[in-house]
Amino acid sequence: MALNKIFDPIQIAGCTVPNRVVRTAHGTRIGGGVMNDDLIAYHERRARGGCGLTILEILGVHETSLGPLNMMDPTLDEGYAKLMKAVNPYGMAIFQQINIAAKLPTRHGIADIAVWL
């Protein structure tokens with residue numbers, strides 16, 4: 001089977017992805033809840049290796065739903081800026097998976113159910 005299109009760019013909602021090699025979101029446990037230098041280096045290696053799009057692990061957007069990365073982290077903006085500076089020379093696009101866990105009433109009490117935004 002020929003993979004004729006794998007190295008062709010693609011547009012996703014106005015974002016140009018340089019190829020169709022995608023690394024989907026998964027928990028790395030590298031950052032320990034922050035966008036640190038080790039997590040940035042992890043993504044830079046994927047960019048250098050030719051990944052066209054990476055989807056970052058879960059970003060918790062509320063203090064009741066903490067994730068591997070958290071919106072409440074005061075260093076997050078600086079971490080994102082460092083990440084983009086590291087991967088920009090390779091052209092890799094970055095998307096962020098976001099999450100908030102919700103508690104929903106059921107017949108048997110309150111259930112923890114992930115609500116994906």
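## A residue at the surface

Why does Met72 count as partly exposed? Its relative accessibility is 35%, and partly exposed means a value between the 20% that limits buried residues and the 50% that exposed residues go over. The model is a predicted one.

Met72 lies in the loop between strand S5 (69–70) and H2. Together with Leu66 and Met71, Met72 forms a nonpolar patch on the surface. The accessible area of these three residues together is about 310 Å².

## Overall fold

The protein has two helices and seven strands. Along the sequence, their order is β-β-β-α-β-β-α-β-β.

Contacts can also be sorted by how far apart the partners are in the sequence. Among contacts with a separation of 6 or more, 57% are between residues 24 or more positions apart.

## Surface and interior

The protein has 117 residues, and 29% of them are buried. Its accessible surface is about 7500 Å². Carbon and sulfur atoms account for 59% of that surface.

## The nonpolar core

The largest nonpolar core contains 15 residues. Within this core, the residues that touch the most other members are Met35, Leu83, Val87, Met92 and Ile94. Helix H1 (37–48), strand S4 (53–60) and helix H2 (76–87) each give two or more residues to the core.

Val87 can be followed in more detail. Leaving aside residues up to four places away in sequence, Val87 touches His43, Glu44, Ala47, Met92 and Ile94. Two of these partners, Met92 and Ile94, are themselves listed with Val87 among the core residues that touch the most other members.

Note on methods. Residues are numbered from 1 along each chain as its sequence is written. This is a predicted model: local features need pLDDT of at least 70, side-chain atom pairs count only at pLDDT 80 or more; totals for chains, interfaces and linings use all residues. Side-chain values use heavy atoms; hydrogens and water are left out. Helices (H or I, at least four residues) and strands (E, at least two) are DSSP runs, numbered from the N terminus. Buried means under 20% relative accessible area, exposed over 50%, partly exposed in between (1.4 Å probe, protein chains only). Contact means heavy atoms within 4.5 Å. Accessible areas come from the Shrake-Rupley method with a 1.4 Å probe; for residues, only the protein chains shown count as cover. A nonpolar core is a set of buried Ala, Val, Leu, Ile, Met, Phe, Trp, Tyr and Cys residues joined through side-chain atoms within 4.5 Å. Patches are made of residues with over 30% relative accessible area and no salt bridge: like charges are joined within 9 Å, nonpolar side chains (Val, Leu, Ile, Met, Phe, Trp, Tyr) within 5 Å. A salt bridge is a side-chain nitrogen of Lys or Arg within 4 Å of a carboxyl oxygen of Asp or Glu.
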